[in-house]
Amino acid sequence: MDESSTIITISDVLEYSFCPRFIYYMYCLDIPQHEEHRFKVLRGREVHEEKRKTNPDYLRKKLEVIEKELDVFLSSKKYHIKGIVDEVLFLKDGTAAPFEYKFAEFKNTIFQTYKNQLALHAIMIAENYNKEVNRGYICFTRSNNRVEEVLFTDKEFQQSLNVVKEIIEIIDKGLFPAKSKYRNKCIDCCYRNICV
């Protein structure tokens, strides 16, 4: 991966988690997905905008936040990733943490997709701010803004970087990956008419 010049977005990681073929269609065949027509994407963007405007100086005392930055664009040439973190939190213990809003309900589990996203944000925060990042937070807006903590281990970081590596391999080699094993994802997929 290090010899590759490809840089992917954290959104690409989310798309890959939905179905690996998204990457192939977007990057290898250059077919846009037009996600701006999907309700959840539009509603998610509205939620982010509302949160950005509502009390931007609010610090989460329960999480021992002493400072925060909003909508932070970060990148890492070393790990071939870039993306926008909803909030970078600076905590009382000297560490930092990513904070993400999700237009979703909390159903007693945090999906691996979300964990990968947070872990990659954490890697970029650590690199760009030279701070230790050992946890992140997700706010589930459809569950009364419930906040859940995600603790990071070396395994979590490695797992998320492996996903990045797989995506870059698809792009750089033009590989046609297997589709998602969950058939119900195909129903709402923008590529369903051309996917074999």
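Modeller: Helices (H or I, at least four residues) and strands (E, at least two) are DSSP runs numbered from the N terminus, and in these terms the place of H80 is in the loop between β2 and β3. The model is a predicted one, in which local features need pLDDT of at least 70 and side-chain atom pairs count only at pLDDT 80 or more, while totals for chains, interfaces and linings use all residues. Residues are numbered from 1 along each chain as its sequence is written, and side-chain values use heavy atoms, with hydrogens and water left out.

Biologist: Why does H80 count as buried?

Modeller: Buried means under 20% relative accessible area, exposed over 50% and partly exposed in between, with a 1.4 Å probe and protein chains only; H80 has 3% relative accessibility and therefore counts as buried. Its phi is near 65°, a positive value in a residue other than glycine.

Biologist: What makes D30 count as exposed?

Modeller: D30, in the loop between α2 and α3 (39-53), has 63% relative accessibility and so falls in the exposed class. Phi of D30 is likewise positive, near 55°, whereas most residues other than glycine have a negative phi.

Biologist: What makes a set of residues a nonpolar core, and which residues touch the most other members of the largest one?

Modeller: Such a core is a set of buried Ala, Val, Leu, Ile, Met, Phe, Trp, Tyr and Cys residues joined through side-chain atoms within 4.5 Å. The largest has 43 residues, of which I8, L120, F152 and I167 touch the most other members. Two or more residues come from each of α1 (10-18), α2 (21-28), β2 (65-76), β3 (81-91), α4 (112-129), β5 (135-140) and α5 (154-173). Another core, of nine residues that include V65, Y101, Y137 and C139, lies apart from it.

Biologist: Why is α4 described as roughly perpendicular to α5?

Modeller: Axes are lines fitted to C-alpha atoms, for helices over the stretch in contact, and angles run from 0 to 180 degrees between N-to-C directions. The axes of α4 and α5 come within 9 Å and cross at roughly 95°. Angles under 35 degrees count as roughly parallel, over 145 as roughly antiparallel, 65 to 115 as roughly perpendicular and the rest as oblique, and therefore α4 is roughly perpendicular to α5.

Biologist: How do you know that L91 is buried, and which residues does L91 touch?

Modeller: L91, in strand β3, has a relative accessible area of 2% and is therefore buried. With contact meaning heavy atoms within 4.5 Å, L91 touches L63, E64, V65, I66, A97 and R135, not counting residues up to four places away in sequence. The C-alpha atoms of L91 and E64 are separated by 5.6 Å, although the two are 27 residues apart along the chain.

Biologist: What makes the aromatic pair of F22 and Y191 edge-to-face?

Modeller: Rings of Phe, Tyr and Trp (its six-membered ring) pair if their centres lie within 6.5 Å, and planes under 30 degrees apart count as stacked, over 60 as edge-to-face and the rest as tilted. Among the 13 aromatic pairs of the structure, F22 and Y191 are 5.2 Å apart centre to centre with 80° between the planes, which places the pair in the edge-to-face class. F22 lies in helix α2 and Y191 in the segment after α6 (184-187), so the pair ties together parts that are 169 residues apart in sequence. F22 is buried, with a relative accessible area of 1%, and Y191 is buried, with 2%.
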